[in-house]
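I opened the notebook to go through a model part by part. The entries below follow the order in which I looked things up.

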Amino acid sequence: MSFLRIQNIHHTYFSNQTAATALADISLDIEKGEFVSFLGPSGCGKTTLLSIIAGLFPPTSGKILLENKPLNADSDTSIGYMLQQDYLFPWKTIEENILLGLKLIKKDEGLERIKTLKLLTEVGLGGTGKMYPRELSGGMRQRAALARTLAVDPKILLLDEPFSALDYQTKLKLEDLVFETLKSFGKTAVLVTHDIGEAIAMSDRIYLFSPNPGRVHKTFEVSDELRELMPFDARNHPQYPILFQTIWKELESLEY
Amino acid sequence: MNIDQLHHQYKSSLKKENRLIRLYQILIFLVFFSSWELFSRKEWIDPLIFSSPTKVWQLFMQKLSDGTLLSHSGVTLFETVLGFIIGTLLGTVLASLLWWSPRLSKTLDPYLVILNAMPKVALGPIIIVAFGPGFPSIISMGAIISIIITTIVVYTAFREVDPNYLKVLQTFGATRTQKFREAILPASFPTIISTLKVNVGLSWVGVVVGEFLVSAKGLGYLIIYGFQVFNFTLVMLALMIIAVFATIMYQLVELLERKLIKD
Ligand SMILES: Nc1ncnc2c1ncn2[C@@H]1O[C@H](COP(=O)(O)OP(=O)(O)OP(=O)(O)O)[C@@H](O)[C@H]1O
Ligand SMILES: [Mg+2]
């Protein structure tokens, strides 16, 4: 039995005039500890699918099972969600921000608190706990957002283009950091990205989506060799450009 | 050292500019009061209607020593501060209720528009009949004048909070109360403070009009009484005191703003 099962998800957005189908017949399984990516042109429903997995709204039809149980976002914190921007609360200090999730379930004291503050050091933000988000750079803020997401110890992490607002160098460094952190905690993760290179460098498997309505067009397995490498090193591996070309051609073919 | 010198120059030019502005401000003040005095003495303006600064000052000293001024000012200040606090608080609570229930807010929308367009002081006579001619009526006037506009402005601010903050909270399994406390309310603080500033002015209007109508005590009563016995020095005195108190209240709100919003 798979860790996360996504079964026959359909989703249609309704409004007064229109009914826009964003997702059709999505089924996929993700194993524990895997890192998978959703890749595809703009508007093919990646964010919609991620929001549904996160339980932000129910799909029009279909089922999501985490460890064989249906998900209920309102009652647990087994899903961590990271957005394109950090959305740190500007009126809270970094420390208060990363303790937010625990505060909501009244566990922000004692051992949990110490563990969380240690997390801050692990993402390279030691000593910034008393600062406000506006005093940090974009990359530091995104790292703080990662710490906030990890603080509640989610079973699965959903990352919706978390690096796309960053400059290239920061992005490469952060890819390595996120990769390493998630592997060390043995977390399962789903990454949405527009960047083919990022998908190859970070994931074990890549789902390519096609638009109108969003479907899984093709699945690419990343070779064991590339998987083992840190994202930065993977980008320099001889197999990297080959897979890149394959996915690129496939993506091109979708445009017509 | 060149940089130091330039910095020094910059600082002194800044100081000079500030001093100049201060000077002009004092100048306006002096010109206003001295020409008022002069015009009144030369009878270029009717001294019976416009009085004069010295007469106002004499009356001020006299009323201060017989204690009547203190009691009238105290009453009005008390009513205004209370009206202001109640108005702002109820307005914010009402806005929270509307945020809580979208259905309620849609239902009440046209009524809010009507109530907002309505001149609240026109309700004065009804309020006085309902609550009796005393404190409660006047405080209600001070409050009612700001409730609806506070509700509308604060509710709009609640709705404009970036939904992504709520998304973050939702993935942590936050309840609606928690979303309100952690995101909606703190994100709206700047708007709430700016409505406070508007409400300072509004509460004075409500209370003074209330005192006009009840005509028993307070600065509004002094104005109406001075008008009836044609003692315009008294009217001017009351106006001056209102101006001073309103300014102090406004400054206090600004102090609060600096305390609450660190940006
Ligand atoms: N709240 C909404 N109401 C109506 N339609 C929506 C809504 N959100 C998304 N859509 C539509 O659903 C489709 C999929 O949107 P979605 O945001 O999931 O795409 P995406 O793959 O994440 O795109 P991008 O790569 O640009 O982020 C789009 O056609 C979009 O217009
Ligand atoms: Mg998207």
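This is a predicted model: local features need pLDDT of at least 70, side-chain atom pairs count only at pLDDT 80 or more; totals for chains, interfaces and linings use all residues.

Residues are numbered from 1 along each chain as its sequence is written, chains are lettered from A and ligands numbered from 1 in the order in which they are written, and side-chain values use heavy atoms, with hydrogens and water left out.

Entry 1, ligand 1.
I looked up the surroundings of ligand 1 and found Tyr13(A), Ala22(A), Glu161(A) and His194(A) among them. The run Ser42(A), Gly43(A), Cys44(A), Gly45(A), Lys46(A), Thr47(A) and Thr48(A) is also included.
For polar contacts I used a pair of N or O atoms within 3.5 Å; within protein, one must be able to donate a hydrogen and the other to accept it, and residues adjacent in sequence count only if both atoms are side-chain atoms.
The side chain of Ser42(A) has an N or O atom 2.4 Å from an oxygen atom of ligand 1. For the side chain of Lys46(A), I read 2.7 Å from an N or O atom to an oxygen atom of the ligand. Tyr13(A) places a polar side-chain atom 3.4 Å from a nitrogen atom of ligand 1.
Ligand 1 on its own has 630 Å² of accessible area, and the protein covers 56% of it; the areas come from the Shrake-Rupley method with a 1.4 Å probe, and for residues only the protein chains shown count as cover.

Entry 2, chain A against chain B.
I counted contact as heavy atoms within 4.5 Å. By that rule, 24 residues of chain A touch 18 residues of chain B.
Buried area is the accessible area (1.4 Å probe) that two parts lose on being put together, summed over both. Chains A and B bury about 2,000 Å² between them, with 62% of it on carbon and sulfur atoms. Of the area that chain A buries against chain B, 31% is supplied by Tyr87(A), Trp91(A) and Leu104(A), more than any other three residues.
How many salt bridges cross the interface of chain A and chain B? I found two, taking a salt bridge as a side-chain nitrogen of Lys or Arg within 4 Å of a carboxyl oxygen of Asp or Glu. One salt bridge joins Lys103(A) to Glu182(B), with the closest N and O atoms 2.9 Å apart.

Domain bounds come from an automatic or database domain assignment. Chain A is divided into domain 1 (32-57 + 72-78 + 154-256) and domain 2 (90-152). The contact takes 13 residues from domain 1 of chain A and eleven residues from domain 2 of chain A. These domains bury about 1,000 Å² between them, 81% of it on carbon and sulfur atoms. I found zero salt bridges between them.

Entry 4, domains of chain B.
The assignment for chain B gives domain 1 (3-45) and domain 2 (54-260). Their centres, taken over C-alpha atoms, are 33 Å apart. Four residues of domain 1 of chain B are in contact with four residues of domain 2 of chain B.

Notes
A residue is near a molecule or strand if one of its heavy atoms lies within 4 Å of it.
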